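Work through the exercises below with the sequence and the model open. Each task is followed by a stepwise solution.

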Amino acid sequence: KGKQRMGKNRLLIALSVVVLALIAGIGLTATGKEGNAGLAMSEMTIKKLTCGACVANITNALADVAGVESIDVSVTTGRSQVFFNPEIVEAGTIAKVISDTGYPATVLRELSAEQYSLLQNEEAKLAEIYIAKIGDRLLGRDEFAALVENKLLAGGFKDRPEMKAQVVNQTWQSLKQRLILLSEAEKNQVVVQDGEVELRIDQMRKQMPNFDNYVASRYASTDEFFRQTKEDMAINKNIQENVLAGTKGPSERQGRFNQWFQDVVNNCPVTIYDAELKKSTGSAGGCGSGSGGGCCG
């Protein structure tokens with residue numbers, strides 16, 4: 001995964017094929033402060049990505065769009081970060097160009113030039129927008145709040161404020177593990193096709209009574225359920241193909257996985273920006289071990 005600089009009329013896109021199923025997003029690849037002066041940043045979701053050719057098509061489409069500086073694309077998760085001059089072009093315009101190319105793009109959130117500058121230089125201010133950073137993935141405050149809200153509703157805890165801290169902690173632990181595993185799938189460029197996901201969902205619908213009610217009660221939308229299912233499948237595919245391949249028997253498989261997972265967690269830097277989350281997880285600082293958020297790598 002990576003990002004390359006683009007001249008006035010030429011855009012170079014760094015391809016990162018990634019996968020995971022607990023949440024979404026890709027990491028920020030920062031460039032020099034002077035080179036990024038005045039730039040804004042937008043996070044987007046892009047659908048129908050299957051391989052590097054899709055990224056090349058997006059590259060060509062954006063090549064002549066004045067004001068677009070660079071873009072990071074994750075084929076696995078469909079997440080993208082676009083860096084642009086807000087005085088020349090708007091994030092919505094960029095998303096429309098990508099969509100018109102055949103890859104429906106939606107703006108998730110946007111940082112102004114000032115906010116993006118803070119993102120690079122003032123970690124303390126990140127808490128206004130992001131709740132934590134796991135590896136190179138920034139976790140949006142709105143994204144995390146929505147997950148907590150869904151868990152409170154699904155668990156019947158909406159009117160039990162005393163349960164919120166526990167739900168926040170459980171959500172954080174689950175999400176942190178998911179993003180770490182997704183990051184590993186990204187490193188190995190694991191890709192799950194949309195058709196595979198549709199087949200899996202059809203199987204789940206046949207096997208699970210009240211399937212539609214289950215999805216509606218636990219996910220913000222059917223698109224969100226689809227995305228998380230795709231990420232889950234990518235995580236599992238990475239584990240089966242790149243971790244457990246060649247193992248024999250349950251004992252060897254379990255031992256191989258345990259060692260791999262421990263190594264992955266120990267080498268993943270995790271920083272919590274939000275004061276309440278630090279308190280909820282028992283983390284005194286930005287990095288820590290155990291429930292506080294992993295190690296500092």
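Predicted model: local features only at pLDDT ≥ 70, side-chain atom pairs only at ≥ 80, totals over all residues.

Residues are numbered from 1 along each chain as its sequence is written, and side-chain values use heavy atoms, with hydrogens and water left out.

**Exercise 1.** Determine how helix 4 and helix 5 cross, and which residues meet.

Step 1. Take helix 4 as residues 141-154 and helix 5 as residues 164-187; helices are DSSP runs of H or I, at least four residues, numbered from the N terminus.

Step 2. The two axes (lines fitted to C-alpha atoms over the stretch in contact, with angles from 0 to 180 degrees between N-to-C directions) come within 10 Å and cross at roughly 120°.

Step 3. Helix 4 and helix 5 are therefore oblique to each other, as the angle is not under 35 degrees (roughly parallel), over 145 (roughly antiparallel) or 65 to 115 (roughly perpendicular).

Step 4. List the contacts (heavy atoms within 4.5 Å): Phe144, Leu147, Val148, Lys151 and Leu152 of helix 4 meet Lys164, Val167, Val168, Thr171, Trp172 and Leu175 of helix 5.

**Exercise 2.** Describe the length of helix 8 and its buried residues.

Step 1. Helix 8 (residues 222-242) has 21 residues. From first C-alpha to last it reaches 30 Å, close to the 30 Å expected at 1.5 Å a residue, where the expected span is 1.5 Å times one less than the number of residues.

Step 2. Buried residues (under 20% relative accessible area, 1.4 Å probe, protein chains only) of helix 8 include Phe225, Ala234, Ile235 and Ile239.

Step 3. The buried residues of helix 8 pack against elements including helix 4, helix 5 and helix 9 (249-266).

Conventions: Helix = DSSP H or I, 4+ residues; strand = E, 2+ residues; numbered from the N terminus. Buried < 20%, exposed > 50% of the residue type's maximum accessible area, 1.4 Å probe, protein only.
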